[in-house]
Amino acid sequence: MQEPSQPKFKRSSMMPSSVGSKKRMWKSLKQILTSERNLQWKKDAVTYSSINPPPSFKPVKKYSDISGLIALYTDPQTKLHYHNSEEFSTVRSLPSDLTSGYLALRGATSIVG
């Protein structure tokens, strides 16, 4: 009888040997970031925390200030985002202090005329 051979896709260097080898411990991303923060790095060194993503080509999604649904429209008078005609009537009936409050929550500048 033949002994079953080891699969070809496994590397023998990655397999733990039976004679006094240590099991390889992998670090999580949280452990890597913590260890990077504790080390002294040059200002131009590239680390996990210094890599900035490029700007996105997709347009930013706008959400309704009233319901939180995806906003398809923006009121030109109050600059509030709304989802449908029912919300539009609600947006138009809001007093100016509530409108400025919604804009402040969204982080937009309050330009209400």
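**Ground rules.** I am working from a predicted model, in which local features need pLDDT of at least 70 and side-chain atom pairs count only at pLDDT 80 or more, while totals for chains, interfaces and linings use all residues. Residues are numbered from 1 along each chain as its sequence is written, and side-chain values use heavy atoms, with hydrogens and water left out.

**Entry on Thr-78.** I noted that Thr-78 counts as buried at 9% relative accessibility, where buried means under 20% relative accessible area, exposed over 50% and partly exposed in between, with a 1.4 Å probe and protein chains only. Its side chain joins that of Asp-75 through a polar contact of 2.7 Å (a pair of N or O atoms within 3.5 Å; within protein, one must be able to donate a hydrogen and the other to accept it, and residues adjacent in sequence count only if both atoms are side-chain atoms). Leaving aside residues up to four places away in sequence, I found Thr-78 touching Val-91, Thr-99 and Leu-103, contact being heavy atoms within 4.5 Å.

**Entry on salt bridges.** I counted two salt bridges, each requiring a side-chain nitrogen of Lys or Arg within 4 Å of a carboxyl oxygen of Asp or Glu. Asp-75 turned up again here, in a salt bridge with Arg-92 at 2.8 Å, N to O. Arg-92 lies in helix α2 (residues 85-93) and Asp-75 in the loop between β1 and β2 (81-82), so this pair ties together parts that are 17 residues apart in sequence. I recorded Asp-75 as buried at 0% relative accessible area, whereas Arg-92 is partly exposed at 41%.

I then checked Asp-65 and Arg-106, whose side chains meet in a salt bridge at 3.3 Å, N to O. Because Asp-65 lies in the loop between α1 (29-38) and β1 (73-74) and Arg-106 in helix α3 (residues 96-106), the pair ties together parts that are 41 residues apart in sequence. Asp-65 is buried at 14%, and Arg-106 is partly exposed at 33%.

**Entry on aromatic rings.** I found two aromatic pairs (ring centres of Phe, Tyr or Trp, the last by its six-membered ring, within 6.5 Å; planes under 30 degrees apart are stacked, over 60 edge-to-face, the rest tilted). The rings of Tyr-82 and Phe-88 have centres 5.1 Å apart and planes at 45°, so I logged the pair as tilted. Tyr-73, Tyr-82 and Phe-88 form one aromatic cluster.

Definitions and conventions
Helix = DSSP H or I, 4+ residues; strand = E, 2+ residues; numbered from the N terminus.
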